[in-house]
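Here is a friendly walk through the salt bridges and helix packing of one model. Please keep the structure open beside the text as you read.

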Amino acid sequence: MLASLSFAATPDPALDQLQDIIPPEPIGPWPWAIGYWLALTLAIVLCLAGLSWYRKRHTFLAPKKAARQRVNSLDKQAVDYPSEVNSLLKRTALSYLPRSKIAKLDGSAWATWLDSRLAADLRGRIGPLLDMRHQGRGLTDAQAEQLHLLVNAWFASNAPFLAPEAVSDTGTLTPAETCSRRPSPDACGATARPEPEEKC
């Protein structure tokens, strides 16, 4: 028993020749793998594209936003209320289309163009109300409120600012404009192709 304990307590000379275990160096954050660089590049491109889109949209909406704030600050009971509204609409339109196409619009042509940016159930109303600016006696409370709602709907509309010649008398797209946007035989007035005759 004592002999076995003495043998176990005797150190093995071969163990003294073993070297200590050296742990591997920790992996550092650099250099990044190619996947990280690709992800970073994609993120930067998306951020720049989003920023560019936001700036362009902000610039595009700025005239409508400023005019809408101005029209909401007008006195609806004032005699010149329809004149002020008409002036704001005209200045806003000039911010999106050339002066040569908008400045000359008046009367029914102006009203028709304004209707092109309104929903179908709101068309035909804004023109008569704006024409009352020539009477010099202002609008009734109901008329002023209706004009206020129509103008705000016009400013809030997402419809495109079409050239006057692309709008028909009903405030909708002309056949030529419809053809260019949605080409189809019915819209463009094309005749249907004749079906081949069956042979006996």
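Aspartate 106 is partly exposed, with a relative accessible area of 46% (buried means under 20%, exposed over 50%, and partly exposed in between, using a 1.4 Å probe and protein chains only). This is a predicted model, in which local features need pLDDT of at least 70 and side-chain atom pairs count only at pLDDT 80 or more, while totals for chains, interfaces and linings use all residues. Residues are numbered from 1 along each chain as its sequence is written, and side-chain values use heavy atoms, with hydrogens and water left out.

**Salt bridges**

Which residue pairs with aspartate 106 in a salt bridge? The partner is arginine 133, with the closest N and O atoms 3.4 Å apart. Aspartate 106 sits in the loop between H5 and helix H6 (107-115), and arginine 133 in the loop between helix H7 (126-131) and H8, so that the pair links distant parts of the chain, 27 residues apart. Helices here are DSSP runs of H or I with at least four residues, numbered from the N terminus.

A salt bridge is counted when a side-chain nitrogen of Lys or Arg lies within 4 Å of a carboxyl oxygen of Asp or Glu. By this rule the model has three salt bridges. As a general point, side chains of opposite charge can pair when their charged atoms come close.

| Salt bridge | Closest N to O distance |
|---|---|
| Glutamate 145 and lysine 76 | 2.7 Å |
| Aspartate 106 and arginine 133 | 3.4 Å |

Take the pair of glutamate 145 and lysine 76, joined at 2.7 Å. Glutamate 145 belongs to helix H8 (residues 141-156) and lysine 76 to the loop between helix H3 (34-72) and helix H4 (81-94), so this bridge ties together parts that are 69 residues apart in sequence. Glutamate 145 is partly exposed at 34% relative accessible area, and lysine 76 is partly exposed at 25%.

Lysine 101 is in helix H5 (residues 99-102) and glutamate 165 is in the loop between H8 and helix H9 (175-181), so the pair ties together parts 64 residues apart in sequence. Lysine 101 is partly exposed, with a relative accessible area of 27%, whereas glutamate 165 counts as exposed at 53%.

**Arginine 133**

Is arginine 133 buried or exposed? At 16% relative accessibility, arginine 133 counts as buried. Besides its salt bridge with aspartate 106, the side chain of arginine 133 reaches the backbone oxygen of leucine 130 at 2.8 Å. That is a polar contact, meaning a pair of N or O atoms within 3.5 Å; within protein, one must be able to donate a hydrogen and the other to accept it, and residues adjacent in sequence count only if both atoms are side-chain atoms. Leaving out residues up to four places away in sequence, arginine 133 touches Pro82, Ser83, Asn86 and Asp106, where contact means heavy atoms within 4.5 Å.

**Helix packing**

H3 and H4 pack at an angle of about 175 degrees, with their axes 10 Å apart. Axes are lines fitted to C-alpha atoms, for helices over the stretch in contact, and angles run from 0 to 180 degrees between N-to-C directions. Pro63, Lys64, Ala67, Arg70 and Val71 in H3 meet Glu84, Val85, Leu88 and Thr92 in H4.

What angle do the axes of H4 and H8 make? They cross at roughly 10 degrees and come within 11 Å, which makes H4 roughly parallel to H8. On the H4 side, Tyr81, Pro82, Val85, Leu89 and Thr92 meet Ala144, Leu147, His148, Val151, Trp154 and Phe155 of H8.

**Buried residues in H6 and H8**

The buried residues of H6 are Trp110, Ala111, Thr112, Trp113, Leu114 and Asp115, and what covers them includes H4, H5, H7 and H8.

Asparagine 152 has its place in helix H8 and is buried, with a relative accessible area of 11%. The side chain of asparagine 152 reaches the backbone oxygen of histidine 148 at 2.9 Å. Asparagine 152 also touches Arg68 and Asn72, not counting residues up to four places away in sequence.

Definitions and conventions
Helix = DSSP H or I, 4+ residues; strand = E, 2+ residues; numbered from the N terminus. Parallel < 35°, antiparallel > 145°, perpendicular 65-115°, else oblique.
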